[in-house]
Amino acid sequence: MIPTLLLAAGKSSRMGARDKLLEDIDGLPLLGRQVERALDSGPVIVTLPSVDHPRASVVPARATIVVVAGQMSDSIRAGIAAVPVDAAGVVILPADMPDITAADIAAVKAAATDDVAIVRAATQDGKPGHPIYFARKTFPDFKTLEGDRGAFRICENWPDDTKLVPLNEQRARLDLDTPEDWDRYRNRSRP
């Protein structure tokens, strides 16, 4: 069993008054849509800033919510601590990546074998991105994680034990952080 950890505790500060994780895509808030996609391939853990945060209302009851305040490293460590002890590892995915599909998450999980520490989704042209699978043997590395850079430093610790899984186009690196990002994304989708 490999759960997915969706990182959704950030402040969305570059969006002004809007919350990027509550932006509408095809009639659904982005966060709810991504949780549903992740649930297609197993259990889901979602980090949120509080249980009263508006994001909590779009998280399906089947997902586990972990409340965390602080930087991305705090969110990742809290999520890792919530991974069941019988899990082989965890797939980490920032919740602001709208093009990641259920099939993409499943492909990363399918590539996770006993002999690999990390499986990273990559762009079609081979640039590493998300989602990323971390085997349980990497979990001690998360104890020293600091700041807002995420788990990239941990990936650097396992260069010879990492497998890339190419996804279509640039979806493994496309995240939406600003109103301008959202405008470009929505304009790209129009006929």
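Tutor: What follows is a conversation about terms and the values behind them. This is a predicted model, in which local features need pLDDT of at least 70 and side-chain atom pairs count only at pLDDT 80 or more, while totals for chains, interfaces and linings use all residues. Residues are numbered from 1 along each chain as its sequence is written, and side-chain values use heavy atoms, with hydrogens and water left out.

Student: How do you know how many helices and strands the protein has?

Tutor: Helices are DSSP runs of H or I with at least four residues, and strands are runs of E with at least two, numbered from the N terminus. The protein comes to 5 helices and 9 strands, in the order β-β-β-α-β-β-α-β-α-β-β-α-β-α along the sequence.

Student: What makes the radius of gyration of the protein agree with that of a compact globule?

Tutor: The radius is taken over C-alpha atoms, and the globule rule is 2.2 Å times the number of residues to the power 0.38. For 191 residues a compact globule would have a radius near 16 Å, and the protein has 16 Å, so the two agree.

Student: Why is Gln71 called partly exposed?

Tutor: Buried means under 20% relative accessible area and exposed means over 50%, with partly exposed in between (1.4 Å probe, protein chains only). Gln71 has a relative accessible area of 40%, and is therefore partly exposed. Gln71 lies in the loop between β5 (64-67) and α2, and touches Gly147 and Asp148, not counting residues up to four places away in sequence, where contact means heavy atoms within 4.5 Å.

Student: How do you know that the buried residues of α2 line one face of the helix?

Tutor: In helix α2 (residues 72-81), the buried residues are Ser73, Ser75, Ile76, Gly79 and Ile80. Seen down the axis of α2, these residues fall within an arc of 160°, so they line one face; the arc is that of the directions from the helix axis to the C-beta atoms. Their cover includes β1 (4-7), β4 (44-48) and β6 (89-94).

Student: What makes the buried residues of α3 line one face of the helix?

Tutor: The buried residues of helix α3 (residues 102-110) are Ala102, Asp104, Ile105, Val108 and Lys109. Seen down the axis of α3, they fall within an arc of 165°, so they line one face of the helix. The face of α3 turned away from this buried side carries the exposed residues Ala103 and Ala110.
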